[in-house]
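The structure comes first, and the points follow by topic.

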Amino acid sequence: MLRRLLLAFLPFIATQEVVLSSLFHNSGTSFGVEPCSYFDNITDVQQLEQHQYASFEQCLYYFLATETQKKFASSGVPHAIAALPPTYGKRNRTVSVRASQITLQHSHLNEFLKDLTIHGYLQLDWNDERLSWDNNRWKVNQLQIRSASHAWLPLITAQSFDGALANGDTVEIRRIETSRRGNVSALVNFSLKTFCEDSDFKNFPDDIYKCCFQLEPFKNQDIIQLVADGMPVFTDPKSFRDYGWLMSGTIPTVTNDPISQLQFCINLQRSTNSVRIELTLPTWTCAILFLFSPFLGRVQIQIAAKMFILFLQFLTLQLFSNRISPHLGSAAATPVILRILEFAIIMNTISIVTSILLWMFMRLKRTLPPWGWLSQASQLINRVLCVFNTVDEPDHEIELQNADKTGSVGRYQEDWNNAFIAIHGASMTAYSLIFILGYLIIR
């Protein structure tokens, strides 16, 4: 078995020898000398070729890894620089990890299921003294860690690990760099999904979706202490598209009960006016027509006009049913615009019933005069509300009214008609004021 392994690795070893010999051949350095010793006499690493600089970084990293392994040899842990946390062996075992620069590159909102998926990145910063070096010897300020398995990393996940798997969340650490003082930074790409809260559904279509996320350590939860930088969530202007939604991010906060968790929320509101116009324009049109229907004069015309307005209101209600019904499952609140339409339909129905009843009373033949106070009140109302001072006389009764004009019956009928016209005008005025007041209260 051992012989087979040696035979399998012989081509790889030979290839590495060829690479290293070609790397240092131009510098007059023989392959028998330790390869990393070639960089001892380099005064400016910026003059190195790209492949030479990559080898220089590998030499620096393996120098740091070797020193760390010697220091923690008693632990018996292989590759200690990556397996052990930076505070191993110290009294204070907490590692402070600073989360900053949370940037969104793409987002997708499922408005019917109320879930939001975001894609972006954030930066993690922490200190690891094992990745610090003497600048006089190595003459470089930054070191790029080529592999995530070459250093200790604060692995984070969204919510709990089980919940992250169910949502399909992914977190990837890339571009790991360290300075000569051991300040390590890593760029974390994430794809997170969460369900949004729509407690502001009463303001539909101007309601706000509140979508909250939380990140927590996946491993070493007892020693990792997350720290927020106090800056709100950013959007990358190069790749981010709002897709008709106005997005604003909150300032991330950290909670430490029972483990350290980084929490931030994103608020979404429609930035397009198409849905708003589609819902508000029919409502406003029906409301204005209802308020101006008493100016049409004769009661029959007003009844016909308000019946047509009621038809338009039911069409608007059908439109609302198609636009709003798919969103009703997320909240128990009723949208204000739907409550206004409901109030307008009720007021219009009451107004139609009142007009029909008064018109029916006007058609009845009267043989007695109205009460004196009623005649005086109707004359006063008809003078004030001059737009309603139109006597409703059916066409087929015009001749009969003209024939009885000189008699007492005709005079009584005209006085009663004037009284009912005044009652109708006062009722319509009251309904209009109630409608305006109710709109202000509901709004």
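Helix axes here are lines fitted to C-alpha atoms over the stretch in contact, and the angles between them run from 0 to 180 degrees between N-to-C directions. On that basis, the axes of α7 and helix α8 (residues 336-363) cross at roughly 155° and come within 9 Å. With angles over 145 degrees counted as roughly antiparallel, α7 is therefore roughly antiparallel to α8. The model is predicted.

**Whole chain**

- The chain has 443 residues, and 40% of them count as buried.
- Its secondary structure comes to 11 helices and 12 strands.
- Taking contacts between residues at least 6 apart in sequence, 71% join residues at least 24 apart.

**Packing of α7 with α8**

- The crossing of α7 and α8 is left-handed.
- The residues of this contact divide into 17 nonpolar, seven polar and one charged.

**Packing of α6 with α7**

- Helix α6 spans residues 274-292 and helix α7 spans residues 299-324; the two pack at an angle of about 160°, and their axes are 10 Å apart.
- That angle makes α6 roughly antiparallel to α7.
- The crossing of α6 and α7 is left-handed.
- On the α6 side, the contact is made by Val275, Glu278, Leu279, Pro282, Thr283, Cys286, Leu289 and Phe290.
- On the α7 side, the residues are Lys306, Ile309, Leu312, Gln313, Thr316, Leu319, Phe320 and Arg323.
- The residues of the contact of α6 with α7 divide into 10 nonpolar, three polar and three charged.

**Packing of α6 with α8**

- α6 and α8 pack at about 25°, with their axes 11 Å apart.
- α6 and α8 are therefore roughly parallel to each other, as angles under 35 degrees count as roughly parallel.
- The crossing of α6 and α8 is left-handed.
- Leu279, Thr280, Thr283 and Phe290 of α6 meet Ile337, Ile340, Met347, Asn348 and Ser351 of α8.
- The residues of the contact of α6 with α8 divide into five nonpolar, four polar and no charged.

**Thr316 in α7**

- Thr316 lies in helix α7 and is among the α7 residues that meet α6.
- Is Thr316 buried or exposed? Its relative accessibility is 6%, so Thr316 counts as buried, the limit being under 20%.
- Apart from neighbours within four places in sequence, Thr316 is in contact with Pro282, Thr283, Cys286 and Leu341.

**Annotated transmembrane regions**

- The unreviewed UniProt entry carries the annotation "transmembrane region" for residues 303-320, 340-361 and 419-442.
- Over residues 303-320, the chain is 100% helix and 0% strand, with the end C-alpha atoms 25 Å apart.
- Over residues 419-442, the chain is also 100% helix and 0% strand, and the end C-alpha atoms are 34 Å apart.

- Ile441 lies in helix α11, which covers residues 408-442.
- The relative accessibility of Ile441 is 65%, so Ile441 counts as exposed.
- Ile441 and Ile340 are 101 residues apart in sequence, and their C-alpha atoms are 9.9 Å apart in space.
- Ile340 is one of the α8 residues in the contact with α6.

**Local backbone geometry**

- Most residues other than glycine have a negative phi, and most peptide bonds are trans.
- The peptide bond from Phe204 to Pro205 is cis, with omega near 10°.
- Pro205 sits in the loop between β6 (181-195) and β7 (208-217).
- Lys139 has a positive phi, near 55°, and belongs to the loop between α4 (135-138) and β3 (142-145).
- With a relative accessible area of 30%, Lys139 is partly exposed.
- Arg175 has a positive phi, near 50°, and is found in strand β5 (residues 170-179).
- Arg175 is partly exposed, at a relative accessible area of 49%.

Key: Residues numbered from 1 in each chain as written. Predicted model: local features only at pLDDT ≥ 70, side-chain atom pairs only at ≥ 80, totals over all residues. Heavy atoms only, no water. Helix = DSSP H or I, 4+ residues; strand = E, 2+ residues; numbered from the N terminus. Parallel < 35°, antiparallel > 145°, perpendicular 65-115°, else oblique. Left-handed = near helix turned anticlockwise from the far one by under 90°. Contact = heavy atoms within 4.5 Å. Nonpolar A, V, L, I, M, F, W, Y, C, P; charged D, E, K, R; others polar. UniProt positions renumbered as here; feature names shortened; annotations may be inferred. Buried < 20%, exposed > 50% of the residue type's maximum accessible area, 1.4 Å probe, protein only.
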